[in-house]
Amino acid sequence: MVSKPPAGDPVQDAPQVTPPQHAAAGLPAIGHTLRIAQEQMGAVRTARTLLKVNQKDGFDCPGCAWPEGDKRHLAEFCENGAKAVAEEATLRRVTPGFFAAHPVAELAERSGYWLGQQGRITQPMYLPEGADRYEPVTWERAFAILAEELTALSSPDEALFYTSGRTSNEAAFLLQLFAREFGTNNLPDCSNMCHESSGSALTETIGIGKGSVSLEDLHRADLIVVAGQNPGTNHPRMLSALEKAKAAGARIISVNPLPEAGLERFKNPQTPQGMLKGTALTDLFLQIRIGGDQALFRLLNKLVLETPGAVDEEFVREHTHGFEEFAAAAGEADWAETLAATGLSRAEIERALEMVLASERTIVCWAMGLTQHKHSVPTIREVVNLLLLRGNIGRPGAGVCPVRGHSNVQGDRTMGIFERPAPAFLDALDKEFGIVSPRHHGFDVVRSIQALRDGEAKVFFAMGGNFVDATPDTEVTEAAMRRARLTVHVSTKLNRSHVVTGARALILPTLGRTDKDVQKSGRQFVTVEDSMGLVHASRGNLPPASPHLLSEPAIVTRMARAVLGEASRTPWEDFEADYAAVRDRIARVVPGFEDFNARLAANPGGFALPHAPRDERRFPTKTGRANFTAAPVEYPRVPEGRLLLQTLRSHDQYNTTIYGLDDRYRGIRGGRRVVLVHPEDAAALGLADGAYADLVSEWTDGSERRAPGFRVVHYPTARGCAAAYYPETNVLVPLESTADISNTPASKSVIVRLEESPQPSA
Ligand code: SF4
């Protein structure tokens, strides 16, 4: 029976804690999947959606960007994919009546979980200046308000057009086209906060900011290193690929400050053997100190260089640049410093070396655990150094594998959603549309918040996402958002960004992935690009959640017509009527998409984009070769009596969407304000398991930030390291604490002190 949304905010945060689990998925995953699906969708809708998700004639999972194999299973989804689908295809509705009953100030007191559980927004809503609650507005009026504010700006650069990774290729291409015809490159996106460090490091070293492996490569690898990633929760079907690789003889090294159930054992619900016994995945668990990865890979590089015959000299000679300088720097790597930086033992590193040397086909996978540190770009470069040394790029079963978080975050970037676009891309765009795109770089996410804070930016437009919960320095970001003249969110469901508004605000409800999309020319489909560069179609199959919704492409084309008016020669109406017309233009502007529509028709499962390093061992870098690099080794130094905190997701969470208050693999139920601390560190700080503490981050400028009332959980973290969930801990990370070069918020290494405090009252 479909359940009603929670009336009140659930019990205050009184989490129950049991020992962490050592296996992921299995029967419990099926149980949770069906329970949540039933609660949100009921039985019939559950079947209609879950049998279509990730199928070739179905819709793409609105969860992460993990690829599908060519052969599709009946159930081609994981527990968290099912949760993402259920949340979007829910039968719960947020109507104008809801907004009439709930003033914005009251909604701002509600948890993100409660807001998200209210259901799909059914009509465009407007918050007039000075009003205390949203009111229904017609689409025409909504676009008129947008045009009023945008055309009143003294510069197009006072506008910000943010994109979350759920946005389809077609909508992303249209949004960047509109922004550039309007006159700005202010196109911040969620990639700025997640894999920007990967893009920066890979573009410099191999010439393209994307992973170089396919699913087949993962199945063929004989060594897979999973660093700074928790696939059991964040990319669950990756476990199936790891299981398949293991079955083929691969060995797995996981590098992580936390033991994660999904990397210990995978109970594959698709097979009886999997369900009962499961497969042990990790062969070597390196429980590294937060931020110690660069030091680890640097020492491994030194040891490989010192091992006779270990270097693929022909590959190095034929395809690389900068070897000598790199080898000299690697030669400086020091055991003592590396052990201090990593917290690992000599034996563990020597074991890892043995596995690296025994491997002929090595893949390194990573996620936020490598990308959200001050020295993330040099860290990822060091990973590339290790792969280049043994020729593990551009060969089957080998390569780099940054695993993307959001389902189309890579596609959005490919479509031109980038504040620092390549001149060649703008040249092609201008030639195709007869526009003159701005050439000065725009604002990324952090720079956008600074611009709002400083009054430089006045209009904020977001295509999906939950900006204020996804970004750092919560108090600063929320105050900055409130300085805007107008904030606009294209959304499917309620979230905190709807209640932290500018002087006036709009909520523009849109179709979800599961919704059927019918335009003038008939039923439409959109496309996405997964983490491995496969582009495929997505067709919703459910009646839209409301007759008042517009698709993402329709919203962009109508905004463009309202703002640009008759002066624009871009055929916005044609693009709204038929997305194939958008794809024809993409085919002429974006390399790799030639004959886009024809190739989609010929390949129901999608097609792979070209990747020169993978396909031809050709490296389109500044040197025309793969670049070794030799950055100085960095790692966080933590004062006595302080801990190094990483912010992370629970298992009932996807980015800022909170599906529930449990994190069952880590043994936590019914609450999110918890801080995981090693028992010996807690003892040294005088904090019993179950005690409460405020987390206080300390910064070199003398400033501090406080997150109050966290339940201390004694947990087998790496010594000196702690962990807690975001968005609750985003307040601890100053805007200026970012990775060098990529400007990605450094949310994975925050020096904190824990101040014991009373248990928050319910
Ligand atoms: S692995 Fe990712 S894309 Fe696949 S079903 Fe799960 S959440 Fe969705």
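Visitor: How should I read burial here, and are Phe 315 and Phe 619 buried or exposed?

Guide: Buried means under 20% relative accessible area, exposed means over 50%, and partly exposed lies in between, with a 1.4 Å probe and protein chains only. In this structure Phe 315 is buried, and Phe 619 is buried as well. Please keep in mind that this is a predicted model, in which local features need pLDDT of at least 70 and side-chain atom pairs count only at pLDDT 80 or more, while totals for chains, interfaces and linings use all residues. Residues are numbered from 1 along each chain as its sequence is written, and side-chain values use heavy atoms, with hydrogens and water left out.

Visitor: How are aromatic pairs read, and how many aromatic pairs does the count come to?

Guide: A pair of aromatic rings is described by the distance of the centres and the angle of the planes. Rings of Phe, Tyr and Trp (its six-membered ring) pair if their centres lie within 6.5 Å, and planes under 30 degrees apart count as stacked, over 60 as edge-to-face and the rest as tilted. By this rule there are 21 aromatic pairs. In one of them, Phe 315 and Phe 619 have ring centres 6.3 Å apart and planes at 85 degrees, so the pair is edge-to-face. Phe 315 belongs to helix H15 (residues 313-319), and Phe 619 to the loop between helix H30 (612-616) and strand S24 (626-627), so this pair ties together parts that are 304 residues apart in sequence. The labels follow DSSP runs numbered from the N terminus, with helices (H or I) of at least four residues and strands (E) of at least two.

Visitor: At what angle do the ring planes of Phe 596 and Phe 607 stand?

Guide: Their planes stand at 90 degrees and their centres are 6.0 Å apart, so Phe 596 and Phe 607 are also an edge-to-face pair. Phe 596 is in helix H29 (residues 596-602) and Phe 607 in strand S23 (residues 607-608), 11 residues apart. Phe 596 counts as buried at 1% relative accessibility, and Phe 607 is buried with a relative accessible area of 6%. Elsewhere, Phe 98, Phe 99, Trp 114 and Tyr 134 make up one aromatic cluster.

Visitor: How do I describe two packed helices, and at what angle do H7 and H28 cross?

Guide: Two packed helices are described by the angle between their axes and the distance between the axes. Axes are lines fitted to C-alpha atoms, for helices over the stretch in contact, and angles run from 0 to 180 degrees between N-to-C directions. The axes of helix H7 (residues 169-182) and helix H28 (residues 579-589) cross at roughly 65 degrees and come within 10 Å. H7 and H28 are therefore roughly perpendicular to each other, given that angles under 35 degrees count as roughly parallel, over 145 as roughly antiparallel, 65 to 115 as roughly perpendicular and the rest as oblique.

Visitor: Which residues of H7 and H28 meet?

Guide: Contact means heavy atoms within 4.5 Å. Asn 169, Glu 170, Phe 173 and Leu 174 of H7 meet Tyr 579, Val 582, Arg 583, Arg 585, Ile 586 and Val 589 of H28.

Visitor: Which residues of H23 are buried?

Guide: Helix H23 (residues 445-453) is mostly covered, with seven of its nine residues buried, and these are Val 445, Val 446, Ser 448, Ile 449, Gln 450, Ala 451 and Leu 452. Their cover includes strand S7 (159-163), strand S16 (459-463), helix H24 (467-470) and helix H25 (474-482).

Visitor: What should I look for in the backbone, and where is a cis peptide bond found?

Guide: Most residues other than glycine have a negative phi, and most peptide bonds are trans. Here a cis peptide bond joins Tyr 726 and Pro 727, with omega about 5 degrees, and Pro 727 lies in the loop between strand S32 (721-725) and strand S33 (750-756). Asn 54, which is not a glycine, has a positive phi of about 65 degrees; Asn 54 sits in the loop between helix H1 (26-50) and helix H2 (79-88) and counts as buried at 4% relative accessibility. Arg 617, in the loop between H30 and S24, has a positive phi near 50 degrees.

Visitor: What does Met 238 touch?

Guide: Met 238 is in helix H11 (residues 238-247) and is buried, with a relative accessible area of 0%. Not counting residues up to four places away in sequence, Met 238 touches Trp 66, Val 226, Gln 229, Pro 231, Cys 365 and Val 403.
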